[in-house]
Amino acid sequence: MQRFLQATTHISISSILPSATTSQFSISLPPLMMERAVLLRSISSCTSHACIRTFTRSSHRLSSNRHRLIPNIHRRSPPRRHLRLISTALPSRLHFNTRFSPVTPKAIATSSPQFSPDAIGAHDDVAEKLGFEKVSEQFIDECKSTAVLYKHKKTGCEVMSVSNDDENKVFGVVFRTPPKDSTGIPHILEHSVLCGSRKYPLKEPFVELLKGSLHTFLNAFTYPDRTCYPVASTNTKDFYNLVDVYLDAVFFPNCVEDIKTFQQEGWHYELNDPSEDITYKGVVFNEMKGVYSQPDNILGRTSQQAVFPDNAYGVDSGGDPQVIPKLTFEEFKDFHRKYYHPSNARIWFYGDDDTNERLRILSEYLDMFDESPARHESKIETQKLFSKPVRVVEKYPAAEGGDLKKNHMVCLNWLLSDKPLDLETELALGFLDHLLLGTPASPLRKILLESSLGDAIVGGGIEDELLQPQFSIGLKGVSEENIQKVETLVMETLANLASEGFNMEAVEASMNTIEFSLRENNTGSFPRGLALMLRSVGKWIYDMDPFEPLKYQEPLAALKARIEKEGSKAVFAPLIEKYILKNPHLVTIEMQPDPEKASQDEAVEKEILEKVKKSMTEEDLAELARMTHELKLKQETPDPPEALKSVPSLSLQDIPKKPIQIPIEVGDINGVKVLQHDLFTNDVLYTEIVFDMSSLNQELLPLVPLFCQSLLEMGTKDLDFVQLNQLIGRKTGGISVFPFTSSKRGSDAPISHIIVRGKAMSARTEDLFNLVNCILQDVQFADQKRFKQFVSQSKARMENRLRGSGHGIAAARMDAKLNSAGWISEQMGGVSYLEYLKDLEVKVEQDWNGISNSLEEIRKTLLSKNGCLVNLTSDGKNLKNSEKHVGKFLDLLPSISSPLSQPSWNARIPSVNEAIIIPTQVNYVGKAANVYETGYQLKGSAYVISKHISNTWLWDRVRVSGGAYGGFCDFDTHSGIFSFLSYRDPNLLKTLDIYDGTSDFLREMEMDDDTLTKAIIGTIGDVDSYQLPDAKGYSSLLRYLLGITEEERQIRREEILSTKLNDFKEFADAIEAIKDKGVVVAVASPDDVDAANKERSNFFQIKKAL
Ligand SMILES: [Zn+2]
């Protein structure tokens, strides 16, 4: 899904410059966090949260992450609810081994055995024998790695082999795949090559790997000009298995021989019966329909294509749903033959494995090919600069009856240069980007939002992922008459900044933020080696030096020295002048809401399909129905056991019997519980301070997210919010505040907290706690104007989520119908929250005092030593040092002795089937029930079973034959809620029927030992997922809050490992309850809901949300 995709768009040179998100989570509720809080209550949330922090500055800085200039990176599988994470789960290492931390002193001083001088000596020799020529070797101090660039002599394939002591090994193969049109060939091919290959002749080896490997990363991405296949694992045997399946898939896929994969993943006419209408089906087709239902995405695509009208970026590599059906199988095959060739490939290896083995595996594949001209043919042409600005007006599908006047979008986009820039200039531009837009206090962002001309920012700032860098900025939620004003404001603000420069505090804050982030090197749930790979490939793919993007220390130091010597104005003003103000290559995009567009598009599609049908003879129609049937049959026929066995897997013996443990010491400072995790963090101190929310008045709940944002963005009596933000940037690695809600097993009362998260270099621990104290106690809820902005931004963000992550909204809604923790979350992040925000927008004008008092009341209720808990993660020495600062901080907290009367939070939303209608071409369909209420008692096997249902039954029926981008299930073991969800789904009732068939699927299931073993290993892979130290400390905290003990984790692990076929059959009874008593929520198009209500007399209660 996009959220994760976005992640990758950012790993370029400017990504070494962190986003605001890395440093200051000034939006209290990063969208993903909110989503997870709402729909997952999952303990794993921390990792993904971290991922967002590191990679998607957009998610935070620009208030929504769907307005990027280059949003069309597609990945093969949509997001899941990552939920299965589990009490037993929560990865940690039994013995935390600092050898594996990428920047340990040991790693600096000596190299690991794999690349001792001897090994390297042998290495060159081996490389030569295997057909590789060493082009260059460098030690990269920034990542403590030895990197060698090889060229495969026979084909010219280039290989980067990076060795270090990181156990999280990464492999990736990247092809340059420039599209000629918007039929989506690169994207469909990216999906299709993973559907069976020469050595692995089954329907979807990719899914077998998802099911049964210990991968820490497994996916594929389509960029506007390249396609990228990365895998990662900490287990060497598993890693090489993954590598082999991927290599075989890209070079020898079955999809170029059998048209059925192309039909399934790309597009085909579906006709079940000659009397019915013909429809389009296809996974990518529907994925892209979803993308084209989101205004921010349409804006991003329109911008990119208008900025680059003359090269490969002028079309959509992902595929335009109106153009995809023009693609033929012949063109598809040709594209593979031409570009998926070693001569056009760049291959990356990273980690602590044997470097010789890497080359041996590769030579086996590469030697089968001769050189091809693909490398020259795939070259990306540069876009020449325009001599004068261009304006484009485009329509997007809007809801009927919404406030159309106020819903325009305007975005200014510059192409900065007619050729790639040097690293130093890019670095300076990245820094400039952070200064302009990086935090809520950054001037361009602040001035745009304070102008009241629009609700939220669009445009991704500096983008340097493609051949030539761009800069884009604008606003959405703009009235038609204000569009010109937005354009003028952007130009004037930039001109002012060029003439006046930035203040010293701002420059210092950006510098500290950048340096902190480099030192922390926190890639969240993304393997570090993958982040490096994407960064390196960002230049390598254009035939530039792959080493250079990895080495930022020198240019950064030089930039810093220049700023110190010449002043920031001398450095940045000429950049603004040259690249933006005096640059004629400016494309202004105006997006107009069109309530008719969605239905018009649908009508056009229908008309085309009717014509197609009319042009067919009876025989043609019968033949089409036969082919439809044949495709379905193929999709629904399980792979033969021999084929399944071809995908290599580990055995249960390879799996550790004990869960990974995270060190924890529970102590007490000044009467407050303090948890300490002694972990190597490269001298960073991470802390979470937890406050109990359970005595908060129920009607204040929806105000909590805005309360959190106000703490960080409102300012105190002495410091305005800009100064406060700069102070946080200068002294810390960032502070965030967000609510956390979950059910707790065995307890009726939900868990609800506010968590303040912060990090700093250990020497700055005192500053960190002082600042946390300052935001908690001194911030004044006085700025009505700013608060109004928060409301508009939150509303815009929620509307965006509704269109782009409808499955999350549906899940939250179902949870709110089923238990009180779900209800609380929905109040703070679901449809109810969106409704609340709409009212609040009015109320903030009429009764600001009332709101301000409510914010104060939330503070009074929460801010108490009673119920407070402090979590600390760092090494032993830093932990010891931090105690006095924690003590001082706690002394300053008020203690409320009499807890307020426990409010009755046992609220639910009425448990009726609901359809939330939005202007969309694809649906999100959910169904859920609480299986504990049926008497089911949690066993570890449930994790294996729910993963298996997702990866087999739902994948095959909802995605493969149903044509949805995704279908999965999710078991919240804390509440007992088991939910089914689909994502970008062309169906509605049909999908519900599939859900209802799950219990029969389980009862009738046959499974051999191999399949069962794979399912178990895959589950353990989830449970033991890789975590960086901050995520470990956070996971341990959540386990503590949820009452999950080590004993329980051990039991669950044993249960997982000993799962039997019979457990699946038993689980069918629990699932049966969902069929009979489950509640349904769909986020769907009005037409589909109408049709469903006609077919099953008023099945859905309708709710309009946009
Ligand atoms: Zn895709």
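Is Tyr 983 buried or exposed? Tyr 983 is buried, with a relative accessible area of 0% (buried means under 20%, exposed over 50%, partly exposed in between, with a 1.4 Å probe and protein chains only).

## Basis

This is a predicted model, in which local features need pLDDT of at least 70 and side-chain atom pairs count only at pLDDT 80 or more, while totals for chains, interfaces and linings use all residues. Residues are numbered from 1 along each chain as its sequence is written, and side-chain values use heavy atoms, leaving out hydrogens and water.

## Strand β13

β13 runs antiparallel to β15 (residues 470–478), joined by 8 bridges (pairing takes at least two DSSP bridges). His 408 has Val 478 as its bridge partner there. With β16 (residues 586–594), β13 forms 6 bridges, also antiparallel; Met 409 is partnered by Met 591.

## Aromatic pairs

There are 42 aromatic pairs (Phe, Tyr or six-membered Trp rings with centres within 6.5 Å; planes under 30 degrees apart are stacked, over 60 edge-to-face, the rest tilted). The pair of Tyr 965 and Tyr 983 is tilted because the planes are at 40°, with centres 5.6 Å apart. Tyr 965 lies in the loop between α36 (941–961) and β25 (966–972), and Tyr 983 in β26 (residues 977–983), 18 residues apart.

Terms used. Helix = DSSP H or I, 4+ residues; strand = E, 2+ residues; numbered from the N terminus.
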